[in-house]
Amino acid sequence: MPKLDEGVGQPARAGSRAPVILLLAGEASGDLHGAHLARELKVHYPEARLLGLGGERMAAEGVELLAGLKDLAVMGFVEVLSRLPFFWRLERKVRRLLTEEGVDLVIPIDYPGFNLRITQRADELGIPVLYFIAPQVWAWKARRTGTLARAASRIAVILPFEEEIFRAEGGDAEFVGHPLLDRPLDLPDRNSFCRQAGLDATRPILAIFPGSRAQELRRHLKPFVAAGRRLAAQRPGLQLVLARASGVQVDLPAGDPPVTQVTDGQALLRHSRAALVKSGTSTLEAALEGTPFIVAYRTHPLSYRIAQRLVQVDYVALANLVVGEGVVPEFLQDEVTPSTLADALAPLLDESEERSHMLEDLDRVRHALGEPGAIARVAEIAREILDGEGFSGAHA
């Protein structure tokens, strides 16, 4: 894995016209989209130097990493407190890197808090910022919407209603569509998927998505698996399959029936009858695959109480936010119990009215997310910024 020296940065390469681009992702979805963007940027600027934060996918595309997802993927107010010394040190390193590495363009990818502070610092230094996947600051800190709008040169938003929100604050925002629309379509068919996973293709599958962060697994794994086993007891033949992030070890709770683990979450959703999904990007992935699902999320009790005071939207699931309606059921904190989740999932496994209505609503979610090509549009915006600064790419 390419690794950037954590001490003194290398001096800027005077006279070179190859841009230095800083990409900043802090979680698995950002790493995925950042990797695709890095690949697209290299098409336009083959000699560009890519630096930043991210994971294995971005590193595989040649991004020199200052820190990886194991250290970065932390969510929640209380959960972040224990990691503050690390984030303070990292922020100082990134601030130094902005000047010592001669950075020409900063591309933060979601990851609020940290990336917003780096955006403001880059703006102070006169370094252009293209914010890709604007953090949902509009949901819980309205004043931060204005801060981002003022500090970022361009904002590439992936939810349709965000363009108007940031433009109202004076930001140069553009809806580029959702990058999940560029997901692979040539997935293994049901027989191939089941054979590879050791499943019976003739039996229904319940997909379980507890999350990839350690704190999410601690809070979701037991109630999610227990809910699935309740349903399996009611419906003999139901297969329980858990989506596990690559490189993450999941120790399943003991019990019957067994739970199969797979790393191809998209294929799992495509071939599942229904899904139990933690709040996050996975809700949109389920919507795009047309898999009926419910949403659940638990966090630290204090973090939840703080969020209750700050959050200004009616829903937490992205699938619901996109259409502005509760098209999929949401269960939070104390509501996340095996019996509650199993009862909500049960009608989605049958040929019920609830299932039919949800399938229609998920189609609305898919249409609201725009058209494929988000990464290419973001790369084009980056070209507009860099070419305005005097750089020339392979296709300029």
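1. **The whole chain.** Keep in mind that this is a predicted model. The chain has 396 residues, and 53% of them are buried. Its secondary structure comes to 18 helices and 13 strands. Take the contacts between residues at least 6 apart in sequence: 67% of these join residues at least 24 apart.

2. **The open sheet.** Try to find the six strands that make an open sheet, in the order β10-β9-β8-β11-β12-β13, with parallel pairing. What stands at the edges? Those places go to β10 (259-262) and β13 (330-332); each has a single partner strand, so one side of each has no neighbour in the sheet. From one strand to the next, the twist averages 20°.

3. **Strand β9 and its partners.** On one side, β9 runs parallel to β8 (residues 205-209), and four bridges join the two. You can check this pairing at Ile208, which stands opposite Leu242 of β9. The pairing of β9 with β10 is also parallel and also has four bridges. Here Ala243 is the one to look for, with Val262 in β10 as its bridge partner. A helix packs on this sheet too: α11 (residues 214-234) touches β8, β9, β10, β11 (274-278) and β12 (293-297), and its direction makes about 160° with that of β11.

4. **Is β9 buried or exposed?** Five of the five residues in β9 (residues 239-243) are buried, so the rest of the structure largely encloses this strand. Both faces are covered: one side has Gln239, Val241 and Ala243, the other has Leu240 and Leu242, and all of these are buried.

5. **Helix α13, another enclosed piece.** Seven of the eight residues in α13 are buried, so this helix is largely enclosed by the rest of the structure. The buried ones are Ser282, Thr283, Leu284, Ala286, Ala287, Leu288 and Glu289. What do they pack against? Their partners are β8, α12 (265-270), β11, β12, α15 (318-323) and α17.

6. **How α13 meets α17.** In general, two packed helices are described by the angle between their axes and the distance between those axes. For α13 (residues 282-289) and α17 (residues 353-368), the axes come within 8 Å and cross at roughly 110°. Angles of 65 to 115 degrees count as roughly perpendicular, so that is the word for α13 and α17. At the meeting place, Leu284, Ala287 and Leu288 of α13 touch Leu362, Val365 and Arg366 of α17. By type, the residues of this contact are five nonpolar, no polar and one charged.

7. **Asn115, a buried side chain with a polar contact.** Asn115 is part of helix α6 (residues 114-125). Its relative accessible area is 0%, so Asn115 is buried. A polar atom of the Asn115 side chain lies 3.1 Å from the backbone oxygen of Leu24.

8. Which peptide bond is cis? The one from Asp256 to Pro257 is, with omega near -5°; Pro257 sits in the loop between β9 and β10. Next, look at Ile133, a residue other than glycine with a positive phi, near 65°. Ile133 belongs to the loop between β5 (130-132) and α7 (137-140), and with a relative accessible area of 8% it is buried. Gln333 also has a positive phi, near 50°, and again is not a glycine. You'll find Gln333 in the loop between β13 and α16 (338-349). Gln333 has 12% relative accessibility, so it counts as buried.

Notes: Residues numbered from 1 in each chain as written. Predicted model: local features only at pLDDT ≥ 70, side-chain atom pairs only at ≥ 80, totals over all residues. Heavy atoms only, no water. Axes fitted to C-alpha atoms, helices over the stretch in contact; angles between N-to-C directions. Parallel < 35°, antiparallel > 145°, perpendicular 65-115°, else oblique. Contact = heavy atoms within 4.5 Å. Nonpolar A, V, L, I, M, F, W, Y, C, P; charged D, E, K, R; others polar. Buried < 20%, exposed > 50% of the residue type's maximum accessible area, 1.4 Å probe, protein only. Polar contact = N/O pair within 3.5 Å; in protein donor to acceptor, adjacent residues only side chain to side chain. Pairing = 2+ DSSP bridges.
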